[in-house]
Amino acid sequence: MRQISAKQITDTVRRLCIEANCILGNDLRERIAAACKEEPWSQAQQILEKIIENYKLAEERQMPICQDTGMACVFLKLGQDVHVDGDINEAIHEGVRQGYAQGYLRKSVVRDPLDRVNTGDNTPAMIYIELVPGDQIEITVAPKGFGSENMSQIKMLRPSDGVEGVKDFVVRVVEEAGPNPCPPIVVGVGIGGTFDKAAYMAKKALLRDVDTPNSNPYYQQLERELLERINALGIGPQGFGGKTTALAVNIEACPTHIAGLPVAVNINCHVTRHKTEVI
């Protein structure tokens, strides 16, 4: 049994909060740069150039890529041979508290969805823990802005709707979102499970690098087809038109009930922030 201190978790989360908000992943940089070269619409190309300039300046100056530094979504793969010396949830919250203060990141969390009083430190974090074999903890911090989060949807399709129903729903969600989630977007899709599991898979799908397709060839093809259909909508960067509405579609799927076909779509903007560290 390996022992890990709560302070080590706090320190890691604190650092990842800042890095995730200020440094865009290489997979997204490469995808945006490629889209910029391939974009035939001059206005769309200029917007992509500004996006590239923005994320370069953010890293250089250690400033947030976007003013909405999001609600901290923290994903843990917790080894079953690990003992955490302290309260793991409070350790994560404290890491978020310190990271958002030290990084001068906007505090966007309210204590209650109806009274709307800001907590002042961007806590609580949304915490997702998965037990896995081993004696390590993999921590991923994924700040989620709500310009894109608000455009997400879930639907309990009928099994008879089939794959065409799934495709139509995903494309319709993106079309209804229009320019609101600050395209070009990354689209996370969860298929199967239950109402809540589908939503979780859709969010977790956004953690996968955009250059890493689903390991199942069937879903690889579905990801490609959906990306083509979404980009054919012509919404384009920031909604001004063009061929680059989405950078990627990431699908996660799992078994479900014979009577159900849950589908969730979790949209993220081009600043699909996530940083991971193993301790």
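Helices (H or I, at least four residues) and strands (E, at least two) are DSSP runs, numbered from the N terminus. This is a predicted model, where local features need pLDDT of at least 70 and side-chain atom pairs count only at pLDDT 80 or more, while totals for chains, interfaces and linings use all residues. Residues are numbered from 1 along each chain as its sequence is written, and side-chain values use heavy atoms, with hydrogens and water left out.

**Stop 1: α1 and α4**

Select residues 6–22, which is helix α1, and residues 88–102, which is helix α4. Their axes are 7 Å apart and the packing angle is about 40 degrees.

Now show side chains. On α1, the contact (heavy atoms within 4.5 Å) is made by A6, I9, T10, V13, R14, C17, I18 and N21. On α4, the residues making the contact include I88, A91, I92, V96 and Y100. Colour the contact of α1 with α4 by class and you get ten nonpolar, six polar and two charged residues. For that colouring, Ala, Val, Leu, Ile, Met, Phe, Trp, Tyr, Cys and Pro count as nonpolar, Asp, Glu, Lys and Arg as charged, and the others, Gly among them, as polar.

**Stop 2: α2 and α3**

Next, pick residues 26–38 (α2) and 42–61 (α3). How are α2 and α3 oriented to each other? They pack at an angle of about 150 degrees, axes 9 Å apart, and are therefore roughly antiparallel to each other. α2 passes α3 in a left-handed crossing.

R29, I32, A33, A35, C36 and K37 in α2 meet a set in α3 that includes L48, I51, I52 and Y55. The class count for the contact of α2 with α3 is eight nonpolar, one polar and four charged.

**Stop 3: α6 and α8**

Move on to residues 162–177 (α6) and 217–231 (α8). The two axes come within 10 Å and cross at roughly 40 degrees, which makes α6 oblique to α8. This crossing of α6 and α8 is right-handed. V163, K167, D168, V170, V171 and V174 of α6 touch Y218, L222, E225, L226, R229 and I230 of α8. The contact of α6 with α8 has eight nonpolar, no polar and four charged residues.

**Stop 4**

On a 1 Å grid over the protein atoms alone, a cavity is a set of points where a 1.4 Å probe fits but cannot get out, and a pocket is an open set with protein on both sides within 12 Å along at least five of seven lines; lining residues have an atom within 4 Å of a point. Grid points are joined across faces, edges and corners, and a volume is the space filled by probe spheres set on the points.

How many cavities of 30 Å³ or more are there? The search of the whole structure finds one. The largest cavity has a volume of about 70 Å³. To find its lining, select C73, F75, A142, P143, K144, K203, L206, L207, N268, T272, R273 and H274. Strands β2 (71–79) and β5 (137–144) are the elements giving two or more residues to that lining, and β5 has the largest share, three residues.

For the largest pocket, with about 300 Å³ of space, centre on S108, V109, V110, R116 and F146, the closest to its centre of the 13 lining residues. The pocket lining divides into seven nonpolar, two polar and four charged.

**Stop 5**

Most residues other than glycine have a negative phi, and most peptide bonds are trans. Zoom in on T123 and P124, joined by a cis peptide bond with omega about 5 degrees. P124 sits in the loop between α4 and β4 (126–132). Y104, in the loop between α4 and β4, has a positive phi near 55 degrees. Finally, go to P183 and P184, where the peptide bond is cis with omega near 15 degrees; P184 is in the loop between α6 and β7 (185–193).

Technical notes:
Axes are lines fitted to C-alpha atoms, for helices over the stretch in contact, and angles run from 0 to 180 degrees between N-to-C directions. Angles under 35 degrees count as roughly parallel, over 145 as roughly antiparallel, 65 to 115 as roughly perpendicular and the rest as oblique. A crossing is left-handed if the near helix is turned anticlockwise from the far one by less than a right angle, and right-handed if clockwise.
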